[in-house]
Amino acid sequence: MSEVKAYGAADPKADLKQINIERREVKPRDVKIKITYCGVCHSDIHTVRNDWGNSKYPVVPGHEIIGEVLEVGSEVSNFKVGQTVGVGCMVDSCRECEPCKHDLEQFCEEGMVGTYNGKDKHLGGHTFGGYSEEIIVDHYYVLSVPDNLDTKAVAPLLCAGITTFSPLNHWKVSKGDKVGVIGLGGLGHMGIKFAHAMGAHVVMITTSPEKAEDAKRLGADEVLISKDKDAMKKHQGSFDFLLNTVPVGHDINPYLQLLKIDSTMCMVGAIEPLPDVHGGNLIMGRKNVAGSLIGGIKETQEMLDFCGKHDVVSDIELIDINTINEAYERVVDGDVKYRFVIDMESLRNAN
Ligand code: NAP
Ligand code: ZN
Ligand code: ZN
């Protein structure tokens, strides 16, 4: 085992601060990674603050990891020392159940092992994520990063990217479809970029009129202010697909009215109760409400390759790790364009 520096929270009310954690020795299937950048996902904040009631402390968040390979185990042939790689939201799964066999490890019947707050099969206790100097991961869960992309702006693709790419891919969004992305935050801005790259007519649906210009710059063809009832009415029954990234429980009825017959709204943001849904909003028009969780490893690699081909990365604000607590407040206030990424040199340089 080796000790590395990390940033973690001791309890739901505590700020994140520097701590030391243990990493396992490199095993035959493992890749040891020096973390260079780590994105800040709203899920990190939910976990630190125990919003989902299942957090284990200390929490060391971070599942948008970019790094450089330091060492590979004896059975690893697909990664080499010095290569830039990524690690997303999971670091293990059973690999034998039906979902795992079908490249849907995120739905593993034994439970996927989260990059943080998961059950550590090697050291016992729980897993620690990317707000740390190094991580050791089974090579199966390590991703190759296309070399034409700016690596710090690739970090958020490992969660925000795959979480939005996967539903757009699954529901086969294609050229000419009218697609609405609800909520312009970390996930939403990637939703716009992907839907645009897939050839859709993209409508940004936002509560924040001041984000309109940005939404267009990111690839939206139109902006719809969800609080504007007249504008919402004009778009009624016209969408082929809606991707809802709102991070909290909210009234989805007004959005359901935007869907065409037989079309779907996929929820990715609110992992908590939603207030009453009016049955009429589903029955009238045979509409669907669905959900989606990140994406499997194969699809995550496909997403990264798609980004390499279409030159898609995140819009980021690079921060030092000692400003992480302020960054969290800004994410909660919706004041980030559109993803914070931590420069991990700032942790290596800390005393
Ligand atoms: P974020 O950066 O905070 O963005 C969320 C956006 O939603 C905000 O910028 C805001 O956009 C809108 N919004 C916020 N509160 C709202 C409200 N009460 N009503 C309507 N709109 C509201 O968050 P994120 O990092 O994109 O993450 C979004 C959620 O996805 C989080 O809950 C996270 O835990 C979850 N998540 C899920 C998965 C998955 O696999 N399903 C993966 C990663 C993250 P506007 O100003 O444009 O309205
Ligand atoms: Zn995330
Ligand atoms: Zn499994």
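**Close-up views of a predicted model**

**View 1. Strand 10, helix 5 (residues 186–197) and strand 11 form a right-handed β-α-β unit.** Right-handed means that, with the strands pointing away from the viewer, the path from the first strand over the helix to the second runs clockwise. Helices (H or I, at least four residues) and strands (E, at least two) are DSSP runs, numbered from the N terminus. The model is predicted: local features need pLDDT of at least 70, side-chain atom pairs count only at pLDDT 80 or more, and totals for chains, interfaces and linings use all residues. Residues are numbered from 1 along each chain as its sequence is written, chains are lettered from A and ligands numbered from 1 in the order written, and side-chain values use heavy atoms, without hydrogens and water.

**View 2. Strand 11 (residues 201–206) pairs with strands on two sides of the sequence.** Strands pair if DSSP finds at least two bridges between them. Strand 10 (residues 178–182) runs parallel to strand 11 and is joined to it by five bridges, with Val181 opposite Met204. Strand 12 (residues 222–225) is also parallel to strand 11, through four bridges, and Val223 stands opposite Met204. Five of the six residues of strand 11 are buried (under 20% relative accessible area, 1.4 Å probe, protein chains only).

**View 3. Cys41 (SG), His63 (NE2) and Cys159 (SG) coordinate the zinc ion (ligand 2) at 2.0 to 2.3 Å.** Donors are N, O and S atoms within 2.8 Å of the metal (3.2 Å for Na, K and Ca); water is not among the atoms, so sites may look incomplete. The donor spacing in sequence is C-x21-H-x95-C. His63 and Cys159 are 96 residues apart, and both are buried.

Terms used: Buried < 20%, exposed > 50% of the residue type's maximum accessible area, 1.4 Å probe, protein only.
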